[in-house]
Amino acid sequence: MAGKPKLYYFDGRGKMESIRWLLAAAGVEFEEEFLETREQYEKLLQGGSLLFQQVPLVEIDGMKMVQTRAILSYIAAKYNLYGKDLKERALIDMYVGGTDDLMGFILMFPFLSAEDKEKQHAVIVQKATSRYFPAYEKVLKDHGQDFLVGNNFSWADVHLLEAILMVEEKKSDVLSGFPRLQAFKARISSIPTIKKFLEPGSQRKPVPDDKYVETVRRVLRVYYDIKAT
């Protein structure tokens with residue numbers, strides 16, 4: 001029997017968090033090795049584990065996988081969270097791509113200057129409420145089903161719930177104008193594997209703090225502020 005997947009990343013969200021979400025949704029236990037020093041990172045580089053010299057890195061089924069989207073696609077396919085046919089897979093890819101775009105505005109947030117954080121906060125809320133959430137509200141309204149694709153639980157649902165919760169951390173009532181997304185959030189959050197991941201003590205990571213930012217900067221040797229978009 002293959003061992004548990006092993007995740008190499010920082011002790012924080014970043015690009016690894018969606019991988020944690022998807023594994024948890026599939027009911028898969030996983031191990032983590034947190035990068036805390038430059039030496040750990042260089043050891044992975046020198047050992048040839050980081051094909052493109054960057055993390056996330058996931059060891060799974062005898063492979064050392066990098067590139068977040070490739071890892072997520074593999075997990076989704078392996079655990080039947082990727083639709084039943086090519087058309088459903090295309091829809092899942094499309095919805096995940098949109099959610100990724102929204103998450104991108106949030107992932108950079110901890111690394112912004114104080115001035116840019118204020119600007120970016122407004123951008124996040126504006127993009128969520130005028131572009132992305134209306135789209136998913138329409139999808140749910142048009143097909144009248146419980147899930148985004150094929151009326152079956154999929155990667156698209158996991159990714160959207162993660163994004164909703166991330167935006168709610170910026171504006172708690174952001175779903176006030178989206179009744180179907182409110183129902184969707186409650187429905188997906190009640191799925192046993194998701195419910196477990198949302199409970200205290202799980203491997204879900206908290207909102208990134210200054211310690212996380214400092215660790216990432218030190219390990220990757222990034223000493224400048226990222227600019228808001």
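I began with R38, which lies in helix α2 (residues 38–46). The model is predicted, and I read it as such. Is R38 buried or exposed? R38 counts as buried, because its relative accessibility is 17% and the cut-off for buried is under 20%. Next I looked up its contacts. Leaving out residues up to four places away in sequence, R38 touches R218, V219, L220 and R221.

**Sheet**

I then traced the strands. Four of them form an open sheet in the order β2-β1-β3-β4, and the pairing is mixed. Which strands sit at the edges? They are β2 (31–34) and β4 (63–66), and each pairs on one side only.

I went through two of the pairings. Strand β1 (residues 6–9) runs antiparallel to strand β3 (residues 57–60), and three bridges join them. I noted K6, whose bridge partner in β3 is E59. I also noted L7, which stands opposite V58 in β3.

On to β3 and β4. These two pair in the antiparallel sense, over four bridges. I found M63 of β4 as the bridge partner of I60. How many residues lie between the strands of this hairpin? There are two, and D61 takes a positive phi near 50° in the hairpin.

Helix α1 (residues 17–25) lies across β1, β2 and β3. I read its angle to β1 as about 165°.

**Domains**

UniProt, in an unreviewed entry, places the feature "domain: GST N-terminal" at residues 3–83. That span is 36% helix and 20% strand, and its end C-alpha atoms lie 26 Å apart. The domain assignment gives domain 1 as 6–79 + 198–220 and domain 2 as 86–190. I noted that the C-alpha centres of domain 1 and domain 2 lie 22 Å apart. How many residues does each domain bring to the contact? Domain 1 gives 21 residues and domain 2 gives 19 residues.

**Core**

I turned to the largest nonpolar core, which has 74 residues. Which members touch the most others? They are I19, F133, L148, F153 and L181. I checked where the members come from. Helix α6 (residues 155–168) supplies the largest share, 10 residues. The core draws at least three residues from each of domain 1 (6–79 + 198–220) and domain 2 (86–190).

I took F133 as a case. Not counting residues up to four places away in sequence, F133 touches L102, A128, I164, V167, V174, L175, F178 and L181. L181 is itself listed among the core members that touch the most others.

**V149**

My last stop was V149, in the loop between α5 (114–143) and α6. Why does V149 count as buried? Its relative accessibility is 3%, and buried means under 20%. I looked up its contacts beyond four places in sequence and found E88, L91, I92 and Y95. I also took its distance to V139. V149 and V139 are 10 residues apart in sequence, and their C-alpha atoms lie 9.1 Å apart in space.

Note on methods:
Residues numbered from 1 in each chain as written. Predicted model: local features only at pLDDT ≥ 70, side-chain atom pairs only at ≥ 80, totals over all residues. Heavy atoms only, no water. Pairing = 2+ DSSP bridges. Contact = heavy atoms within 4.5 Å. Axes fitted to C-alpha atoms, helices over the stretch in contact; angles between N-to-C directions. Core = buried A, V, L, I, M, F, W, Y, C linked by side-chain atoms within 4.5 Å. Buried < 20%, exposed > 50% of the residue type's maximum accessible area, 1.4 Å probe, protein only. Domains from an automatic or database assignment. UniProt positions renumbered as here; feature names shortened; annotations may be inferred.
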